[in-house]
Amino acid sequence: MEQRKHLTWKEALAQSYRSVEDISKVMRLTEAEKSKMADIIKRYPMCVTPYYFSLIYADEKDGPIFRMAIPDVNEFTEGGEPDTSGEYQNTVITGMQHKYRQTALILSTDRCAMYCRHCFRKRMVGGGGDEVAKYLPAMAEYIKSHREINNVLISGGDAFMNENATIEKYLKYLVPLKNLDFIRFGTRMPVVLPQRITDDHGLLSILEKYGKQKKIYIITQFNHPRELTPESVAAIRALHEVGCSIRNQTVLLRGVNDNPDTLALLFGELTMQAVHPYYVFQCRPARGVKNQFQLPLKKGVKIVDEAKSKMNGQAKAFRYCMSHKTGKIEILGQAPGQEDFMLFKYHQAKEDRDASRIFAQRVDDDQRWLDEIDEVG
Ligand code: SF4
């Protein structure tokens with residue numbers, strides 16, 4: 001596949017592979033594959049930066065990087081939901097959700113530098129403008145008047161797809177709010193387009209300026225050790241140099257990182273770069289995602305536990321969680337002496353009555369999600 005060469009981030013983005021014609025220049029595809037891919041792209045857009053594409057090994061179809069970037073015909077198979085964690089119900093102002101007492105979540109854009117094939121917001125990325133935030137003053141007013149909110153996650157899409165002026169506008173409105181302890185940006189730019197960070201001193205100086213007034217966290221998503229390259233490490237260092245802290249959420253994905261050695265290597269290397277592992281997420285049953293990427297819960301917990309046995313305390317300071325309509329539920333493992341049951345615990349609950357609740361639930365060997373949850377565990 002093609003050689004990696006230096007481009008500025010806007011040039012790299014402009015040269016991303018978005019159509020069958022684009023991708024055919026760098027990948028051999030049969031006419032049948034081209035026609036299937038064209039159908040998928042119409043429904044779920046593709047965008048692969050030349051940088052991220054260069055991480056795919058030559059002739060490696062179906063490898064981890066390939067699976068995360070290149071459309072697959074199975075995205076059309078039946079099943080799955082568009083909105084698996086109840087984002088519509090938690091929306092309080094267009095583009096802003098308030099599900100957990102202390103946290104406001106803003107969908108600041110529907111654009112990403114790469115449309116990850118496993119994205120749980122597949123319903124809106126690349127074309128879901130109706131769900132994107134529009135009224136920043138109203139959102140700031142809401143946050144100010146809800147004193148229990150002490151942090152905001154500016155997400156999307158990818159928060160760093162916004163122009164610098166937009167990013168600064170968010171910070172201008174949010175940084176002065178006294179109830180906010182810190183602000184988070186959700187971005188995969190360090191992974192898929194690190195030049196967005198290393199080439200853009202404007203962005204870095206905005207983060208540095210506002211970060212002196214209010215702590216800024218970057219929430220990113222490395223899923224495989226091959227994503228940690230000299231370029232991505234340079235982006236991580238640049239963010240650290242301007243005072244940001246970085247935390248990582250990994251999604252457990254079939255055919256990508258469903259291997260204890262892969263996870264242990266990834267988390268060890270992230271920790272070395274002071275990118276703190278924060279969550280491992282069970283892949284959600286999102287439409288267009290679940291059939292290719294979800295793993296059974298019992299298998300997931302085995303992989304995660306074996307991976308943890310290979311990690312030091314820093315690397316395994318994460319929780320293996322399911323982001324459910326009712327809250328973030330930690331997947332604890334097999335219930336003692338009850339092969340059919342697993343134990344779960346609410347890490348973040350939507351309703352106060354569930355806070356920190358531990359419960360046991362019958363789980364089939366192939367079960368990948370909890371659709372219904374018993375009221376009494
Ligand atoms: S960068 Fe994030 S929001 Fe965008 S497609 Fe990937 S996982 Fe989804």
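**Strand pairing**

Analyst: In this predicted model, strand β7 (residues 245–252) and strand β8 (residues 275–282) run parallel and are joined by seven bridges. Within that pair, N248 has P277 of β8 as its bridge partner.

User: What is the general idea behind such pairing, and in which order do the strands of the open sheet lie?

Analyst: Strands of a sheet pair through backbone hydrogen bonds, in either a parallel or an antiparallel sense. Here the open sheet has 12 strands with mixed pairing, in the order β1-β2-β3-β4-β5-β6-β7-β8-β9-β10-β11-β12.

User: In which sense, parallel or antiparallel, does β9 pair with β8, and in which with β10?

Analyst: Three bridges pair β8 with strand β9 (residues 319–324) in the parallel sense, and C321 in β9 is the bridge partner of F281. By contrast, β9 and strand β10 (residues 327–335) run antiparallel, with four bridges between them. M322 stands opposite I329 in β10, and a hairpin of two residues connects β9 to β10.

**Backbone geometry**

User: How should I read backbone angles, and which peptide bond is cis?

Analyst: Most peptide bonds are trans, and most residues other than glycine have a negative phi. In this model the bond from G156 to G157 is cis, with omega near 20°. G157 is found in the loop between β4 and α7 (164–174).

User: What is the phi of D62, and is this residue buried or exposed?

Analyst: D62 is not a glycine, yet has a positive phi of about 80°. The residue sits in the loop between α4 (50–53) and α5 (64–69). D62 counts as exposed because 9 other C-beta atoms lie within 10 Å. A274, in the loop between α12 and β8, also has a positive phi, near 60°. A274 counts as exposed because it has 12 C-beta neighbours inside 10 Å.

**Core and ligand**

User: Which residues touch the most other members of the largest nonpolar core?

Analyst: That core has 109 residues, and those touching the most other members are A69, I106, A113, M114 and Y115. Helix α12 (residues 260–272) gives the most to the core, with six residues.

User: Which residues lie around the ligand?

Analyst: They are C112, Y115, C116, C119, R121, V125, G156, G157, D158 and R188. This shell divides into five nonpolar, two polar and three charged residues. D158 is also among the residues that A113 touches.

Definitions and conventions: Residues are numbered from 1 along each chain as its sequence is written. This is a predicted model: local features need pLDDT of at least 70, side-chain atom pairs count only at pLDDT 80 or more; totals for chains, interfaces and linings use all residues. A residue is near a molecule or strand if its C-beta atom, placed from the backbone, lies within 6 Å of it. Ala, Val, Leu, Ile, Met, Phe, Trp, Tyr, Cys and Pro count as nonpolar, Asp, Glu, Lys and Arg as charged, and the others, Gly among them, as polar. A nonpolar core is a set of buried Ala, Val, Leu, Ile, Met, Phe, Trp, Tyr and Cys residues joined through C-beta atoms within 7 Å. A residue is buried if 20 or more other C-beta atoms lie within 10 Å of its own, exposed if 12 or fewer, and partly exposed in between; C-beta atoms are placed from the backbone. Two residues are in contact if their C-beta atoms, placed from the backbone, lie within 7 Å. Two strands pair if DSSP finds at least two bridges between them. Lists of a residue's contacts leave out its neighbours within four places in sequence.
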